[in-house]
Amino acid sequence: MGIAGQSHSLITARDAGLVACQQCGQVHRLGTRVCKRCEGRLQSRDGESLQKVWAWLIAGMIAYIPANLYPMLLTSTLVERSESTIIGGVVELVEHGSWGIAAIVFIASVMIPVGKFVAIMYLAISVQRHSKDNQHERHKAYEVVEFIGRWSMIDVFVVAILSALVQLDTIATINPGIAAVSFALSVIFTMLSAQAFDSRLIWDADRTRP
Amino acid sequence: MSEPTNPGPAPFDVRPVKKRIWQRLSLVWLVPLVALGISLWAAWQNYADRGTLITISFENASGISAGETTIKYRDVTVGEVEDVEFSEGLTDVLVHARIDKTVAPFLDDDAQFWVVRPDVSIRGITGLETVLSGVFIEGNWDTDADVAQTEFTGLEQPNLTRANQRGIRVVLRADDGGSIAAGAPVLHKGIEVGYLEKPELSFNGRQVVVNAFIESPYDRRITSSTRFWDTSGFSVSFGTGGVSLDVSSLASVIEGGIAFDTVVSGGNPINEGHRFDIFEGEQQARDSLFLDPNAEILEVAVLFEQSVSGLAVGSEVRFQGIRIGEVSDLNAIVVGEATDAQVRLQAVLAIEPSRLGMGGDATVDEALELLSDFVTRGLRARMVTGNILAGTLFVELVEVEDALPAIMTLTSGDFPVIPTTTSEISDVAATAEGLLARINALPVEELMDGAINLMDSFERLANDEYTRATPAALVALLDESRELINSDDVQAIPRDLRDVIGDLDGLVAEANDVGLIANLDSAVVTAGRVAANFELATQNLPKITADIQALTARANELELEALVASATDSLNAIDAFLGTDDAVAFPREANAALSTMRALLDEVREGGAVANVNAALASANQAAKAVEDAVSTLPALAARANQLVTQTEAVVNSYSERSRFSAETLATLRDIQEASDAISSLARTIERNPNSLLIGR
């Protein structure tokens, strides 16, 4: 029996005929549809999880393209009008010698989003392949991805705050560019993608592949 | 629990039936699809809207930077520079720019681009906004969409005329572009109504061609009879009308400018690009108004015998004071044959028949006929001074009343010839030359000679031994007189006289009876008159001195010619006077007179008269009775003695003034000497530098 084969390792709730509420943690008997406590929908496994992950991820990646191509900030001062994209801004900061700020912007706006894409893709693919490797590490990676995703919004916040503060008519005005919206969408989509990932699938590899 | 022992059906691998792929698809896939759709749509939109790529080549691209420099059309941004690069061979800078799709179709071959930079000129500051914002490229094209182009050559200078601007563009031609600058104003009655574009050399390189744009509605003022002229700077012209100074607006003084006016009506409307000439000044422009370039020109020749310097091609030809044409050619031709050959200076006159009062459609033949008619009635050509200072001449056709009969020679030579009459040329050079010639002709040297002769004469007179001897002789005479007076005999005379008088008392009564006293009296009066005459004669010398002094004074202050003439006359007169034998003889004669006098005194002293008197008195005393005989001789003697004394006294008196006389003479001589020096120095100065007469130094 499969169960016997798994006896030496951990037993999943599903094996035990239980299902846990994802919201409040209440454990129910398998087959219960709605959580008695929080009336949340109970699912032992989300069969559409990977589809959602991929869908949100692709949407996030699509949104990430204009976020990099279009200007993030529209700065118009008395003498000039400049538009800076994310990478352009980083390069400019580096040219000005502000390595620290450049690093922050680069990490928050480029490395983290791209890292998230890669991480989520890796997780999704590994689940699809029923990989049994590094299950713990993958779970940790998922935790990190989910946690760190929101920090990507730091760029958007900076743009939003600057746009709100620097409105001095002709002297100096900062407006958000299309990239700010795209970037925010990209971050939101990847966060949704990360959330759509059912981390329990990581552990199903043992089960579904006898 | 039996199930494990009774193998039933093998446990089913219960799996749900695989749903079809679209059934398994989550709705969440719509999200990336929408995102993709939006992205693609945005990309397409962007691609579709990004405009047409054009390339503008500039010689230099200072201030143009990719991504920043915009392209503006009528101050609206219609594009942006995307890239700046060099053309092959680095000859040009290629500026690639995106132009809005809506505008791109209008970029046909009349589109022009130039870089707007700050420009400070006398007419104001333009492009100031580019100081802060950086340069931009301004484009200009009309509103007709033609065959769109993508390759353009940028202008180095801004094009001043908007393609859509209302007005008219005319082409102006000038011989010299020195006073024409791009942007210079075109003035009409003093207000700016247009401007010049960039001047360029004409195709053959002979003229400067510049487009002028006249803004609407002033363009309606331009007809085919409009004339343009140069108002740049200020012009000072010496014309036949004298000096005229023209100053236009300050901007045109510095930057140059063109003015136009349409004086006469009746011009035809012009089309865009009509060609006009730029005249040097308003006067020439107005004069030319009557010179219809298309009118027929009658060319006649005038043969002058004298120099035509001052006459030039373009000099006016006037008839009764009115301009009827101009000199079109000047050359020398040979008239006559073989030994009779002479060189004549031929001036070809271009005469407009219409200016002869024959109406606009007068033909050349009619005009020639008219002129020929005039010539038989006495019409002659002559050169007349137009302007004394400039020495310009013009040709005038005048009717000479007593002219020798002549006709126009129509057949010989290239042109009909109008006979000439005496020209009226009076130029400054000739006048000045004449003045100098007259000064040269002044008898300055004769004057000097006369003065020197006068000096010589005076010197000779003064050095004459007789003149020198005169004082000595006088002193001797005085000494002798004193001696005579002091002599015992003369001293005795009073005593004797007293005796005689005593005797005479008696005699007087007697004498009264015989009229002796009356005789004596008359003798004395005569003696006095003679003495007065001599004195008068001597007094004339100071008067001459005074005359000379006055003359010198006049000479010092008088005008040159009068002075010279007067001084010459005076000196000649004085010279003549001094040169006469009488004058030369005067001292000698005076000396002789004194000698005679001395001899007389000697005679008197040495027993002549005095002894005789004494003897006579003695005789009288002794022979009282013989008195009656003596009485007849006594009055004569007394009269003679008296006369002598008086004369002596007069001479002494007159010569007592000798010192003053001499001083005056000497002063006179010095004055004359000074005057002569002054004249001589003046003469030298004039000889050396004739100009001084003109310029006063």
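**Helices and a sheet in chain A**

The crossing of H2(A) and H7(A) is left-handed (the near helix is turned anticlockwise from the far one by less than a right angle). This is a predicted model, in which local features need pLDDT of at least 70 and side-chain atom pairs count only at pLDDT 80 or more, while totals for chains, interfaces and linings use all residues. Residues are numbered from 1 along each chain as its sequence is written, and chains are lettered from A in the order in which they are written.

Helix H2 of chain A covers residues 49-69 and helix H7 of chain A residues 178-196; they pack at about 165°, with axes 7 Å apart. Axes are lines fitted to C-alpha atoms, for helices over the stretch in contact, and angles run from 0 to 180 degrees between N-to-C directions. H2(A) is therefore roughly antiparallel to H7(A) (an angle over 145 degrees). Residues in contact (C-beta atoms, placed from the backbone, within 7 Å) include Trp56(A) of H2(A) and Phe183(A) of H7(A).

Chain A also has an open sheet of three strands in the order E4-E3-E5, with antiparallel pairing. Helices (H or I, at least four residues) and strands (E, at least two) are DSSP runs, numbered from the N terminus. Two strands pair if DSSP finds at least two bridges between them. The edge strands of chain A, E4 (81-84) and E5 (172-176), each pair on one side only. E3 (residues 73-77) of chain A pairs with E5(A) over five bridges, and Thr75(A) has Ile174(A) in E5(A) as its bridge partner.

Conventions:
Angles under 35 degrees count as roughly parallel, over 145 as roughly antiparallel, 65 to 115 as roughly perpendicular and the rest as oblique. Two residues are in contact if their C-beta atoms, placed from the backbone, lie within 7 Å.
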